[in-house]
Amino acid sequence: MTSDDGISRVPKAERKSVGTIKGKSIQGNPMDVADLRGKVVVINAWGSWCPPCRAEAPHFNRVAKEMKGKGVEFFGINARDRDINLSRAFEEDYKMVYPSLYDPIGKSLLSGFPKGTLNPQALPTTILLDRNGKIAARSLSGMNDEALRDLIDPVLREE
């Protein structure tokens with residue numbers, strides 16, 4: 001169900017598990033969203049060429065810093081950037097504080113979100129996973145600090 005704020009939320013009893021989202025980060029390190037089970041995970045799908053992605057990057061950094069140590073992890077997915085140097089430049093320009101999976105053909109975006117779940121449909125997309133690795137919410141537009149907190153807080157408060 002999509003609310004007035006443009007965020008689609010899934011009731012806890014109706015959530016489905018996220019699929020496999022793993023590979024190498026832009027920096028070449030292994031990343032696997034399954035390693036973050038037990039935490040609320042903010043997955044941000046972005047592209048270096050995407051103006052709304054650029055606009056929201058400082059907000060994601062601020063909220064990621066705020067939420068560090070509070071049971072929330074941020075996991076980027078850099079999609080559709082064929083040149084990894086553009087992805088690296090984005091991370092450097094915005095001094096990103098969390099890693100992003102390098103996914104130049106969008107494989108994780110297609111296979112990581114099972115049919116019938118809230119899946120990424122455009123860039124930017126932000127998906128929120130609950131502590132059990134289930135898809136709890138999605139935003140299909142650029143987000144600011146307040147919108148990010150509004151996305152995260154209800155799921156973070158869940159028992």
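This is a predicted model: local features need pLDDT of at least 70, side-chain atom pairs count only at pLDDT 80 or more; totals for chains, interfaces and linings use all residues.
Residues are numbered from 1 along each chain as its sequence is written, and side-chain values use heavy atoms, with hydrogens and water left out. Strands β4 (residues 40–46) and β7 (residues 125–129) run antiparallel and are joined by five bridges.

**The open sheet has six strands, ordered β1-β8-β7-β4-β5-β6, with mixed pairing.** Strands are DSSP runs (E, at least two residues), numbered from the N terminus, and two of them pair if DSSP finds at least two bridges between them. At the edges sit β1 (7–9) and β6 (100–103), each pairing on one side only.

**Phe74 and Tyr98 make a tilted aromatic pair.** Ring centres of Phe, Tyr and Trp (its six-membered ring) must lie within 6.5 Å to pair; planes under 30 degrees apart are stacked, over 60 edge-to-face, the rest tilted. Here it's 5.4 Å centre to centre and 45 degrees between the planes. Phe74 belongs to strand β5 and Tyr98 to the loop between α2 and β6, 24 residues apart. Both are buried (under 20% relative accessible area; exposed is over 50%, partly exposed in between, with a 1.4 Å probe and protein chains only).

**Trp46, Phe90 and Tyr94 are linked into a cluster by ring pairs.** Phe90 counts as buried because its relative accessibility is 2%. Tyr94, at 23%, counts as partly exposed.

How values were computed. Helices (H or I, at least four residues) and strands (E, at least two) are DSSP runs, numbered from the N terminus.
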